[in-house]
Amino acid sequence: MMTDQEIMEALKRVKDRDLDKSIVDTGGVREIKNKNGNLSLKIALARTGTSEQMQVQQEIVNVLKSEGASSVGLRFDTLTDEEIDSLGGSKEEPFKGPALLAPDSKTTFITVASGKGGVGKSTVTVNTAVSLARLGKKVGIIDADIYGFSVPDMMGIEERPKVIDKRIYPVERFGVKVISMGFFVEDNAPVIWRGPMLGKMINQFFSECEWGELDYLILDLPPGTGDVALDLHSMLPDSKELLVTTPHATAAFVAARAGAMAIKTNHEMLGIVENMAYFESKKTGEKEYVFGQGGGPRLAEELKTDLLAQIPLGQPVVTEEDFAPSIYGEEHPIGEIYKELAEAIAFKVER
């Protein structure tokens, strides 16, 4: 089993690209936990969420596994301004906004929000994106739920983004380009970051990624009205919001707060998606309203917007050769509902 000293010696071979110094010399190795060769490290870099971080994390994993580590979990932090100054580095340039996505971009930004977790917001995000792609639209997803990232797993994405000339190229599956916090951690390590760091990470998803021309960029927001959601609402003043709820009265009541924040920040409400609206028996065709009724229509009425879809409980058909545990096929009954939702969104945006 590797000792902590051997781990530090190995990490001297890994450089912080922005400072051109080893992560040991910068003081960037914040924490090492070693349980029988299963390593968990916290690493601080000059900048996080960049193509350089992606290169560093892969190098750390490769170096430590070549030295005998069984697994390597990584968490990232940023060096303080004082540390960077003492090392002869410079402050990062301020973020200039999503115009960096592409010159003269005509991309429509859609934020998918919910008042609380567990209502299926990410499921709605990935299936709406795939359905828009099936309509011939150029679509991207930013998995902005930094703590609860799930989009890569839902879409069955196993590869990592490529880094070419210091630009991150999002992974593409089902015609949708995807970037996620999940690509910036190893072994499903927990993300334990402060609010300002989360904002920087989201900024990098715009500025460091090579999205190309997109018709729609869909952002899967964290539930509620916290820092990330508020920052994104401020960052994207012209975005449109899709609000996800369940039929339950409490879920709809809490979702109203997220909708009110969008309205107060001058975002356009695209409409409401009522997820888990009912369960339909395959034998009888009878609908059972497991979580009650009326939450979606009441929320749409309160926010003076449209109820765009009522999506039932169900499961996609999952195959080993085309594994994607949360993506409904085009011919699946729920897939057809998502197609109608995508058509309704395209009609409202492009009319």
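Q: Is Met276 buried or exposed?
A: Met276 is buried, at 17% relative accessibility. Buried is under 20% relative accessible area, exposed over 50% and partly exposed in between, with a 1.4 Å probe and protein chains only.

Q: What kind of model is this?
A: This is a predicted model, where local features need pLDDT of at least 70, side-chain atom pairs count only at pLDDT 80 or more, and totals for chains, interfaces and linings use all residues. Residues are numbered from 1 along each chain as its sequence is written, and side-chain values use heavy atoms, with hydrogens and water left out.

Q: Where is Met276 found?
A: Met276 is in the loop between strand 14 (268–275) and strand 15 (279–280). Strands (E, at least two residues) and helices (H or I, at least four) are DSSP runs, numbered from the N terminus.

Q: And what is phi of Met276?
A: Phi of Met276 is near 55°, which is positive in a residue other than glycine.

Q: What is phi of Asn36?
A: Asn36 has a phi near 55°, again a positive value in a residue other than glycine. Asn36 is in the loop between strand 3 (29–35) and strand 4 (38–45).

Q: Buried or exposed, that Asn36?
A: Asn36 is exposed, with a relative accessible area of 66%.

Q: How do strand 3 and strand 4 run?
A: Strand 3 and strand 4 run antiparallel, joined by 6 bridges. Strands pair if DSSP finds at least two bridges between them. Asn34 stands opposite Leu39 in strand 4, and the hairpin has 2 residues between the strands.

Q: Different topic. Why is strand 13 largely enclosed?
A: Strand 13 (residues 240–245) is largely enclosed by the rest of the structure because 6 of its 6 residues are buried.

Q: Which residues sit on which side?
A: Lys240, Leu242 and Val244 are on one side, and Glu241, Leu243 and Thr245 on the other.

Q: What does strand 13 pair with?
A: Strand 6 (residues 108–114) pairs with strand 13 in the parallel sense over 5 bridges, with Thr111 opposite Glu241. Strand 14 also pairs with strand 13 in the parallel sense, over 6 bridges; there, Gly271 is the bridge partner of Leu242.

Q: Where does Glu340 lie?
A: Glu340 lies in helix 10 (residues 333–350). Glu340 is exposed, at 53% relative accessibility.
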